[in-house]
Structures are given as C-alpha cells and as structure tokens.
Amino acid sequence: MPSTTPPTATTTCPNCSAPASGRFCASCGAPLEGAVCSTCRVPLTPGAKFCHRCGTPAGASAAAATAHTEASGFPAALPWAVAGIALLALIALLAGQRFNGARNPQADNTAAASAAGAVGPEAGGSGGAGVGVAPVRAPDISQMSPRERADRLYDRVMRLNEEGKQDSVNLFAQMGISAYQMLPEQDADSRYDMGRIAEVAGALPMARAQADTILASDPNHLLGLILAISTARAAGDSAAVHSFEAKLLSSQSAELARNLPEYQRHEREIAAAVDVARKQTTKS
C-alpha cells in the first residue's frame with residue numbers, strides 16, 4: 001500500500017546555500033520561510049540572524065529566548081506597557097491643565113511645557129512673569145503623525161545620550177522603541193533610528209538585528225553599515241568593524257548620489273562615521 005505521507009518540500013538556505021527543509025536550516029540554523037520568533041512570534045525574514053522586532057537570536061529555544069529577553073532589558077511587552085502608561089499620564093496631565101487653567105494660566109503654560117518634553121526639546125526662555133513675556137506653548141502632539149512622534153523621541157534620546165544622562169536615556173528609550181514598533185510600516189530610516197535607540201540603551205541584540213535587516217534588503221545602505229559598525233564596535237568585534245568600515249568608504253559616493261531622504265536627515269552621523277572610518281584606514 002503506497003504511503004500517504006506528503007513529501008517534505010526542500011529549498012535552498014539563503015544563508016549557507018545548503019539544501020534545507022522545514023522552518024530552520026539543519027546546517028546553519030538560519031530561519032526559512034514560515035519560521036517565527038520564539039519570543040514575540042512575529043515571522044522571521046529568511047536567513048536573518050536575529051528577530052527584527054525584539055532582537056532574539058533566530059532559532060533560539062523558548063528557554064533561551066526567555067533568558068535573552070530578560071538579559072536585553074527590553075521584554076517584548078514592556079515597550080507597549082510603557083507607551084500606554086505614558087499616554088495615560090499625558091491624558092491626565094492635559095485634563096489637569098483644563099481644570100486649573102482658568103485659575104492659574106501661568107501654571108498651565110508651565111505644565112504644557114513639561115508635557116511637550118516627552119516628545120520634543122525642552123522649552124527655552126528666561127522664565128518668570130512680566131509684561132511682554134510670551135507664554136510657553138507646547139506643540140500639539142495630537143496633530144503629529146505616529147512617525148513624527150517617534151522621530152521626536154529619537155531626537156530626545158540621542159540628545160540625552162550626548163549629555164551623559166543614562167537614566168533618562170533608558171526611560172525614554174523604551175518609549176521610543178515602542179513608538180517605532182507601532183508604526184504601520186518600517187523602512188531603513190525607522191529601523192536605523194530604532195537600532196540607535198536600542199544601542200545607546202544597551203540592547204545590542206536588538207540594535208544588531210535592525211542593522212542586519214537593513215543590509216539584508218540593501219547591502220550598501222549607509223545607515224545599515226553605520227549601525228553595523230557601531231554595534232560591532234560595542235561588542236568588541238574589531239574584524240567586523242574593519243570590514244563594515246571598508247564597505248562604508250567604498251559605497252559612500254554612489255550611495256550619497258541616491259540622495260535618499262534618510263541620508264539628508266542623518267547627514268551629520270554619516271559624515272562623522274565616514275571621517276572615523278578614514279582615520280582608522282590611515283592608521284592601519
């Protein structure tokens with residue numbers, strides 16, 4: 001009697017090119033079509049080394065995924081919870097402003113400026129009441145798109161990092177990562193921003209996953225290369241740093257000629273990374 005068991009479909013592993021079947025390659029462990037992350041259950045890109053959402057290594061067991069999540073400092077549900085708490089706090093603050101605004105306009109302006117700080121630069125000015133002093137106006141975040149709010153948080157986290165305020169970086173990093181994860185679509189620009197936030201907050205697997213995802217679809221993308229360089233340097237992998245820096249220098253002219261919007265937005269970071277790569281090449 002002939003067997004009724006359907007034959008197992010085979011394919012070629014996108015990572016090592018070996019014949020493979022199932023959801024993971026038996027030779028190198030890379031995910032194949034249909035594989036999902038063991039932590040957050042999102043579909044994995046075939047050949048990816050890490051989950052592009054939470055940074056869990058591809059093919060990790062449930063126990064290993066749990067250990068990774070705890071070590072990374074960014075459990076899959078935590079950013080969403082933080083974002084929800086922040087939203088509730090903002091709603092409560094705005095409600096309080098409406099209640100007290102008629103009795104104390106100056107206090108209302110001060111509170112509005114504080115609320116603006118979560119998604120934008122701190123309000124400037126000399127402070128104090130007096131004739132001719134314009135009231136402090138907070139930006140209306142309800143009129144911002146999800147991407148604009150995420151970009152405000154990115155700018156804030158990067159500024160806090162430059163100022164050496166690590167506690168504040170860790171606080172706003174969770175909000176920023178959540179904001180980018182909730183975007184309806186991801187592109188190289190948003191993945192770079194999310195990766196940089198994760199990097200300065202110490203979540204290197206998540207940052208490395210964003211670099212891998214960018215380069216998997218666009219191998220010469222400058223932002224993907226810059227993020228790969230910084231995460232390799234943070235991990236102490238000097239060989240990878242030199243390799244990515246060489247590719248950055250060789251790709252720079254052609255990539256900048258593409259005049260991509262994200263290249264214009266991150267012009268300063270690109271110029272700084274190229275300058276460092278050139279100096280390292282000169283030394284070696």
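Q: With which side chain does the side chain of Gln186 make a polar contact?

A: Happy to start there, keeping in mind that this is a predicted model. The partner is the side chain of Ser190, at 2.7 Å. The cut-off for a polar contact is 3.5 Å between N or O atoms, so a distance of 2.7 Å falls within it.

Q: What else lies around Gln186, and where is this residue placed?

A: Gln186 sits in the loop between H5 and H6. A polar atom of its side chain is 2.6 Å from the backbone oxygen of Tyr180. Leaving out residues up to four places away in sequence, Gln186 touches Tyr180, Gln181, Arg191 and Met194.

Q: Why is Gln186 called partly exposed?

A: Its relative accessibility is 28%. Buried would need a value under 20% and exposed one over 50%, so 28% falls in between and Gln186 counts as partly exposed.

Q: How do you know whether H5 and H6 are roughly parallel or roughly antiparallel?

A: Helix H5 (residues 166-181) and helix H6 (residues 188-200) pack at an angle of about 150°, with axes 9 Å apart. Angles over 145 degrees count as roughly antiparallel, so this pair is given that label. The crossing of H5 past H6 is left-handed.

Q: Which residues of H5 and H6 meet?

A: From H5 they are Gln166, Val169, Ala173, Gly176, Ile177, Tyr180 and Gln181. From H6 they are Ser190, Asp193, Met194, Ile197, Ala198 and Val200.

Q: At what angle does helix H4 pack with H6?

A: Helix H4 (residues 146-162) and H6 pack at about 35°, and their axes are 10 Å apart. The H4 side of this contact is made by Arg147, Asp151, Tyr154, Val157, Met158 and Asn161. H6 contributes Asp189, Ser190, Tyr192, Asp193, Arg196, Ile197 and Val200. H4 passes H6 in a left-handed crossing.

Q: What makes His221 buried or exposed?

A: The relative accessible area of His221 is 2%. The limit for buried is under 20%, so His221 is buried. This residue is found in the loop between helix H7 (204-217) and helix H8 (222-234).

Q: Which residues is His221 in contact with, leaving aside its neighbours within four places in sequence?

A: They are Ala188, Ile214, Leu215, Glu255, Leu260, Glu262 and Tyr263.

Q: How do you know whether Glu245 is buried or exposed?

A: Glu245 belongs to helix H9 (residues 238-256). Its relative accessibility is 4%, and since buried means under 20%, Glu245 counts as buried.

Q: Why are H9 and H11 called oblique to each other?

A: The axes of H9 and helix H11 (residues 267-283) cross at roughly 135° and come within 9 Å. Roughly antiparallel would need an angle over 145 degrees, and roughly perpendicular covers 65 to 115, so the pair is oblique. H9 passes H11 in a left-handed crossing. On the H9 side, Glu245, Leu248, Leu249, Gln252 and Leu256 take part, and they meet H11 residues including Ile270, Ala273 and Val276.

Q: What is noted about phi of Asn259?

A: Phi is near 55°, a positive value in a residue other than glycine. Asn259 lies in the loop between H9 and helix H10 (261-265).

Q: And how many helices and strands does the protein chain have?

A: There are eleven helices and two strands. Along the sequence, the pattern is β-β-α-α-α-α-α-α-α-α-α-α-α. Of the 284 residues in the chain, 40% are buried.

Terms used: Residues are numbered from 1 along each chain as its sequence is written. This is a predicted model: local features need pLDDT of at least 70, side-chain atom pairs count only at pLDDT 80 or more; totals for chains, interfaces and linings use all residues. Side-chain values use heavy atoms; hydrogens and water are left out. Helices (H or I, at least four residues) and strands (E, at least two) are DSSP runs, numbered from the N terminus. Buried means under 20% relative accessible area, exposed over 50%, partly exposed in between (1.4 Å probe, protein chains only). Contact means heavy atoms within 4.5 Å. Axes are lines fitted to C-alpha atoms, for helices over the stretch in contact, and angles run from 0 to 180 degrees between N-to-C directions. Angles under 35 degrees count as roughly parallel, over 145 as roughly antiparallel, 65 to 115 as roughly perpendicular and the rest as oblique. A crossing is left-handed if the near helix is turned anticlockwise from the far one by less than a right angle, and right-handed if clockwise. A polar contact is a pair of N or O atoms within 3.5 Å; within protein, one must be able to donate a hydrogen and the other to accept it, and residues adjacent in sequence count only if both atoms are side-chain atoms.
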